[in-house]
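Colleague: Could you take me through one part of this model up close? I'd like to hear about the aromatic rings and the packing around them.

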Amino acid sequence: MPGPSPSATLWATYSLTTGTLSAGLDSAGYEVLSRIALVPACAAWLGAVAFAVLRLPRATWRAQAPAALTLTTATALIGAGFSAAGLRRSAAALLALSALLWTLLLAARDPGRGGTVFLRCVATQGLAVLGATLAAAESAAWPAHAAMVLFWLGLILYVVALFRFAPREVTEGRGDHWLACGALAVSALAGARLLGADSARLYLWNDDDHAVLTRVTVALLVLTLVCGVALLTAGLMWPRHGYDARHWAGVFAAAVTAAAALSGAAALDAPWLDVAGEALLWAAVALWLACTARAAAAARAGSGPAGVRSRARR
């Protein structure tokens, strides 16, 4: 996930990935581990904000689109974690903040030509996830209806990004090509949360709406798994050696796919997704630990944050 402000991008990416992992752990029933994971996610979020603010005198938010879009999604998913922890006012505040950032950045300059073209979709669906989560927690209809609009907009943005995504990135990309899978997965997570927000107390969707949303969510889950298998196969055939900060996109894709499968298991009444989701969750935890260790090693080998800067094409 490269960008003009590498430090802000790295902290935002770490926050997003760790916050997503927290959401997956919560969906799997590991509440204590989920809350523990929220701590470094919040710390990295604060680091990203600090770097972004320091950067403002030299570059506008719009010039920092990749870092800021990543931070917007991290804000939304951390908000979902706060909602699960019962901190609903804090979650609502983060929803307002992420919505403001999203509004400012939706028309920002093109975030890139690699996997970063999917960041607008990821940020939009992150907002949809938080809106649906708060709707279920607060038994309020308006966040769910707003989230539904964002959900469909996110799918449109995915299609637009797909036409801009160069196929050669699958074999030549340094890691951020995994955002093609991550964007599908966060879309599936949003769909599952929207389905889960509906209840007898909070009637949101009529039968036709529910049927369409169910079909689309199932299709997104299937596409996510197919895309994940395809990118994993490509990674085995064309391995990427050495550490690159963009490898975090693969960790994010694994974590959000696990969260989508676990949320889908309840929303779609498909218990088998629990098994697949939990397996993916622990694989994501292992990848997160491995990537964290490699990032720390790269930082020690370099000079501070520069040691783990993305090696993106400028």
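Modeller: Here is a walk through the aromatic pairs, and then through the core and the helices around them. Keep in mind that this is a predicted model.

Let's start with the rings. The structure holds six aromatic pairs, and I'll pick out two of them. A pair of aromatic rings is described by the distance of the centres and the angle of the planes. For Tyr14 and Trp248, the ring centres sit 5.3 Å apart and the planes are at 80°. Planes over 60 degrees apart count as edge-to-face, so that is what we call Tyr14 and Trp248. What does this pair tie together? Tyr14 belongs to helix α1 (residues 6–27) and Trp248 to helix α10 (residues 248–267), so the pair links parts that are 234 residues apart in sequence.

Are these two residues buried or exposed? The cut-off for buried is under 20% relative accessible area. Tyr14 has 19% relative accessibility, so Tyr14 counts as buried. Trp248 has a relative accessible area of 3%, so Trp248 is buried too.

Setting aside neighbours within four places in sequence, Thr17 is in contact with Trp248, Val251, Phe252, Ala255 and Trp288.

Not counting residues up to four places away in sequence, Pro40 touches Tyr14 and Thr18. Pro40 and Thr18 are 22 residues apart in sequence, yet their C-alpha atoms are 7.2 Å apart in space. With 27% relative accessibility, Pro40 counts as partly exposed.

The other pair I'd show you is Phe118 and Tyr158. Their ring centres are 5.0 Å apart and their planes are at 35°, so this pair is tilted. Phe118 lies in the loop between α4 (88–105) and α5 (119–138), while Tyr158 lies in helix α6 (residues 141–164), so the pair ties together parts 40 residues apart in sequence. Both Phe118 and Tyr158 are buried.

Phe118 brings us to the core. The largest nonpolar core has 78 residues, and Phe118, Phe151 and Leu194 touch the most other members. Helix α8 (residues 179–197) gives the largest share of this core, with 13 residues. Apart from neighbours within four places in sequence, Phe118 is in contact with Tyr158, Ala161, Leu162, Phe165, Leu179, Ala180 and Ala183. A second, separate core has 21 residues, including Ala245, Ala258, Val285 and Cys291.

Last, follow α8 across to α5. The axes of α5 and α8 come within 8 Å and cross at roughly 20°. Angles under 35 degrees count as roughly parallel, so α5 and α8 are roughly parallel to each other. Their crossing is left-handed. Where the two helices meet, the residues from α5 include Leu119, Val122, Gln125 and Val129, and those from α8 include Leu179, Ala183, Val186 and Leu194. Of these, Leu179 and Ala183 are also in contact with Phe118, and Leu194 is one of the residues that touch the most other members of the largest core.

Note on methods: Residues are numbered from 1 along each chain as its sequence is written. This is a predicted model: local features need pLDDT of at least 70, side-chain atom pairs count only at pLDDT 80 or more; totals for chains, interfaces and linings use all residues. Side-chain values use heavy atoms; hydrogens and water are left out. A nonpolar core is a set of buried Ala, Val, Leu, Ile, Met, Phe, Trp, Tyr and Cys residues joined through side-chain atoms within 4.5 Å. Buried means under 20% relative accessible area, exposed over 50%, partly exposed in between (1.4 Å probe, protein chains only). Helices (H or I, at least four residues) and strands (E, at least two) are DSSP runs, numbered from the N terminus. Contact means heavy atoms within 4.5 Å. Rings of Phe, Tyr and Trp (its six-membered ring) pair if their centres lie within 6.5 Å; planes under 30 degrees apart count as stacked, over 60 as edge-to-face and the rest as tilted. Axes are lines fitted to C-alpha atoms, for helices over the stretch in contact, and angles run from 0 to 180 degrees between N-to-C directions. Angles under 35 degrees count as roughly parallel, over 145 as roughly antiparallel, 65 to 115 as roughly perpendicular and the rest as oblique. A crossing is left-handed if the near helix is turned anticlockwise from the far one by less than a right angle, and right-handed if clockwise.
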